[in-house]
Amino acid sequence: MSRTAVPRSAGTTSAKYVYSFGGGSAEGNGSQKDLLGGKGANLAEMARIGLPVPPGFTITTEVCTWFYAHGRSYPKGLEKDVAAHLARVEKQLGKRFGDPKDPLLVSVRSGARASMPGMMDTILNLGLNDVTVEGLAAASGNPRFAWDCYRRFVAMYGDVVLELKPVGKHERDPFEVILEATKGRYGVHLDTELPVEALKELVAAFKSAIREKTGHVFPEDPTAQLWGAIGAVFGSWMNERAIVYRQLNGIPESWGTAVNVQSMVFGNLGDDCGTGVAFTRDPATGENVFYGEYLINAQGEDVVAGIRTPQKIATLGKAMPNVYAQLLEIRQALERHYRDMQDVEFTVERGRLFMLQTRTGKRTGFAEVRIAVEMQREKLITPEEAVLRVNPDSLNQLLRPIFDPVAKRAAVEEGHLLAKGLNAGPGAASGRVVFSAQDAFEWARRGEKVLLVREETSPEDIKGMNAAEGILTARGGMTSHAALVARQMGKVCVVGCEALRVDYAERCMTVRGDAKNRVVMEGDWVSIDGSTGEVLEGRIATRPSEVLQVVLEKSLAPEASPVYTLYATLMGWADKVRRLKVRANADQPDQASNAVAFGAEGIGLCRTEHMFFGGDRITAVREMILGDSVEAREKALAKLLPMQRGDFEGVFRAMGPRPVTIRTIDPPLHEFLPHTADEQAAVAQTLGVSPAAVAQKVNELHEMNPMLGHRGCRLGIVYPEITRMQARAILEAACNVKKDGVDVKPEIMIPLVGHVNELKDQEKVVRETARDVFARAGITVDYLVGTMIELPRAALTADEIAVVAEFFSYGTNDLTQTTFGLSRDDAGKFLPEYVRREILPADPFEKLDQTGVGKLVKMGVELGRSTRRGLKVGICGEHGGEPSSVEFCHRTNLDYVSCSPFRIPIARLAAGQAAVRGGATISGRPAKPAAKGAASAPSTAKPVAKPKPVHESKTAPKKASKPAKKAVKKVAKKVAKAASPAPRARGPLARRPASGRKAAAKAPARKGRK
């Protein structure tokens, strides 16, 4: 449609698409965010409960859906509905839209159901033209104010609707260029110093630039302006920044945005006017203090534009004591009503307070925990609600050391940012760059802090990864080897940093497209932020987490840490209510100890192959692989036996009486052999064989598709001596530890079983070995033999497999690969595009595909328990630490989830949330019903459905929620008493004369806070 034309309509519908609010009533309410968007729903709710909200109306998200489905047109009848609702606003205020004497002006703002601050467009002061500006000047008694509003409006409209924007990345905003030139001619520094004549010149210059550079004529008709703005705001749902924000935050494109048209109130009429943004609690720390900023004599966009330095909200008590007192009352009323921390916007027009927005405030992870716990202590919410208030992933911020914010900000400002990748392992790390695992190990052994930089990592790098402070790779995704192992180890990790160019030969890395052509050499200091994916040159100071100091380092007493006390309180509630057990994926004694410290109730996956690397071990493994007879292989395995037995003893001692699931060897044997001629020659020399023999074995083991090749139980079937050695090491270790008084509980897991006969074969080997071990030790140990379900056929025939298996553990990483037919290592090339285009709702390696892979899991659980009652079932893939996947496991009646040690708190909280959503209680009484518009930590257990069209209009009840009713009534009375009502025929601007008032504020940014 034309940028300035009234809308064309398509189709017929009986749906209600426009909802009014203001004047103490509203057609919608706070529970209708799906339909009205967050802004519209909360404006309606505030109006309903008596807060001073300028009247207006909301065009629903369903119109946005229609807009894109019907060639950017509108449903039939929408134009008439908008006109009727605009007339209702005119009647309430005694002003007319487009009136040449006393015009009604409106703002047009976006409002998606999920907050997307700054991502979509806003237009203020709409309705001004060459005639109405004179009427506004007369009605306000302040010509400068009127023309300042006009020049702001023309610039905003020209940018957002008529698309006069910078052409290239080096071009300045064209309106700013004109403004700066005008200030230069008049010899002034600040916008507020420009006289009326200069503002008039600016309006003319802005219009001329729009016409010359875009071919569009600025519309003088207010109705055309309104529909141009509505179309632009709907159009901004699909702008680049909104799309990127949705992708980063998992917001579906199908949700759409609402459009809010609201009567303007003006904070830029003089020194008894102002505007501000505030939080009912500190969003950074969670402290129960009123937190925010404001500007005197300014419009709303000025506060967030950064052009003027705002004042702290506490100083408003001196500047406007009555207004500040009203705000404090409203702060309390909103918290009591919504029972959550609120983020509000307000404007003061000639001493009268207006509320322009409230929404559940965004906060740091620590603030989430503090606010949830303290609100429970204040009796605002129940423990159940407190558990639901914290996003489990936010706990990462409590557990990871972070860069000192001041030091990092300084590094970025000084130009030290090198590149950005995927934030695979939250936290912060600085180290001297090395490019090989062996160097990482050697450098760390002599006391250096190192950062391991690789194109990508492999199992052979495990030693160096363990030694490094952090890991940085140029390739790989969030479930790549580097990411998986780093999370298990608690290492900071950035992967998929494709701008990096790693040169192993020259031992350096460069950054593609770097204007400075920087070269990072081996030994140079580099810092990585695993929470943001940023890579910076140089060393940046870190600040340790208090929780880590208490839990792992034991350097801080629990009672001495307020952070830990809050964390422990929240986790205690989650542990009390959850049904799912939480285990850890851990391969070494130190990892097991960390897991216990984080609250692990066992080990769900101990990968024996990770114990094979390093000096004598890898040599023995390679000797076994090169052995040309059973005897030769058994001789080599005999060297490995005591090493593995010692490892298992350490793990058992760390875990105590908790169950430990140990998986027999899984990867194909070729992963343990070198592939370059020089490395093969070195192995041949060590083992006393010819280089040709090593090269021949490498060729023999080569596979076209090793993920589906000779690995897992298939290795044990062909080489049963491997399974015998591993079973012996596990059970001998268990016997030794049990003799020391520890009630060990080993669980031996056979991987990659697709047919029950494979499991029968391997179970027989384990049982025979156990009988021999127990006879020799003179002691028995209770142990289980089970399998890893990671192939679709295993899930489909789980009833047969459960006849042999005593437990199932779902390996959801490989089950996802084999169900989708995707390679986890290669899918990163196209999966982001799938997610961007919503072909898939999420990367299935990050979030469990509940409708496909999940169906196999559910089927396998039901089939398995049909033949073995009480079958123990869990998952041990990385999905075990992902909140929506944990909730699925709860609903599917699994017994436990297993994840990396540092994700255990996340899994514990997610399991507690799943139980609460399922009806379980902590306090023994049902949770209070949430206030309309109140938010909790989102559940992503089920795919979000597109909202259904509304086919009838129901006026929302005007009764406020009980917890807030008295408080809100009291506040509403105080606010009404504090402000003298204006004569209805004149509207807000006529309440007091404005002659002599100070000039209006500086120009706002055109991209504002939503």
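# Asking what the terms mean here

Student: What makes the side chains of aspartate 575 and arginine 908 a salt bridge?

Tutor: Their nitrogen-to-oxygen distance is 2.5 Å. A salt bridge needs a side-chain nitrogen of Lys or Arg within 4 Å of a carboxyl oxygen of Asp or Glu, so this pair qualifies. Before we go on, this is a predicted model, where local features need pLDDT of at least 70, side-chain atom pairs count only at pLDDT 80 or more, and totals for chains, interfaces and linings use all residues. Residues are numbered from 1 along each chain as its sequence is written, and side-chain values use heavy atoms, leaving out hydrogens and water.

Student: Which parts does the pair of aspartate 575 and arginine 908 tie together?

Tutor: Aspartate 575 sits in helix 21 (residues 562-577) and arginine 908 in helix 36 (residues 904-917), so the link joins parts 333 residues apart in sequence. Helices here are DSSP runs of H or I with at least four residues, strands are E runs of at least two, and both are numbered from the N terminus. The pair also belongs to a network of salt bridges that links Asp575, Arg578, Lys581, Glu601 and Arg908.

Student: Why is arginine 908 called buried, while aspartate 575 is called partly exposed?

Tutor: Set the values against the cut-offs: buried is under 20% relative accessible area, exposed is over 50%, and partly exposed is in between, with a 1.4 Å probe and protein chains only. Arginine 908 comes out at 9%, so it is buried. Aspartate 575 has 29%, so it goes in the middle class.

Student: How many salt bridges does the structure hold?

Tutor: There are 57. One of them joins glutamate 27 and lysine 16, at 3.3 Å from N to O.

Student: Where do glutamate 833 and arginine 836 lie?

Tutor: Both are in helix 33 (residues 831-836), three residues apart, which is about one turn of the helix. An α-helix has 3.6 residues a turn, so residues three or four places apart point the same way. The side chains of glutamate 833 and arginine 836 form a salt bridge at 2.8 Å, N to O. Glutamate 833 has a relative accessible area of 35% and arginine 836 has 37%, and each counts as partly exposed.

Student: What makes arginine 72 and leucine 752 stand out in their phi values?

Tutor: Most residues other than glycine have a negative phi. Arginine 72 has a positive phi, near 60°, and leucine 752 also has a positive phi near 60°. Arginine 72 is in the loop between helix 2 and strand 5 (74-75), and its 38% accessibility makes it partly exposed. Leucine 752 is in the loop between strand 32 (745-750) and helix 29 (756-777), and at 2% it is buried. Glycine 71, which follows helix 2, has a positive phi near 60° too.

Student: How do you know what lysine 449 is in contact with?

Tutor: Contact means heavy atoms within 4.5 Å. Leaving aside neighbours within four places in sequence, lysine 449 contacts Ser430, Gly431, Arg432, Glu469, Trp525 and Arg539. Lysine 449 is in the loop between helix 17 (437-445) and strand 20 (450-454), and with 41% accessibility it is partly exposed.

Student: What makes a space in this structure a cavity?

Tutor: On a 1 Å grid over the protein atoms alone, a cavity is a set of points where a 1.4 Å probe fits but cannot get out, and its lining residues have an atom within 4 Å of a point. The search finds five cavities of 30 Å³ or more. The largest cavity holds about 120 Å³ of space. Its lining has 13 residues, with Arg109, Met264, Val265, Thr347 and Leu356 nearest the centre. Strand 8 (106-112) and strand 10 (257-263) are the elements that give two or more residues to that lining.

Student: What share of the residues in the protein chain is buried?

Tutor: Buried residues make up 57% of the 1010 residues. The protein chain has 37 helices and 36 strands.

Note on methods: On a 1 Å grid over the protein atoms alone, a cavity is a set of points where a 1.4 Å probe fits but cannot get out, and a pocket is an open set with protein on both sides within 12 Å along at least five of seven lines; lining residues have an atom within 4 Å of a point. Grid points are joined across faces, edges and corners, and a volume is the space filled by probe spheres set on the points.
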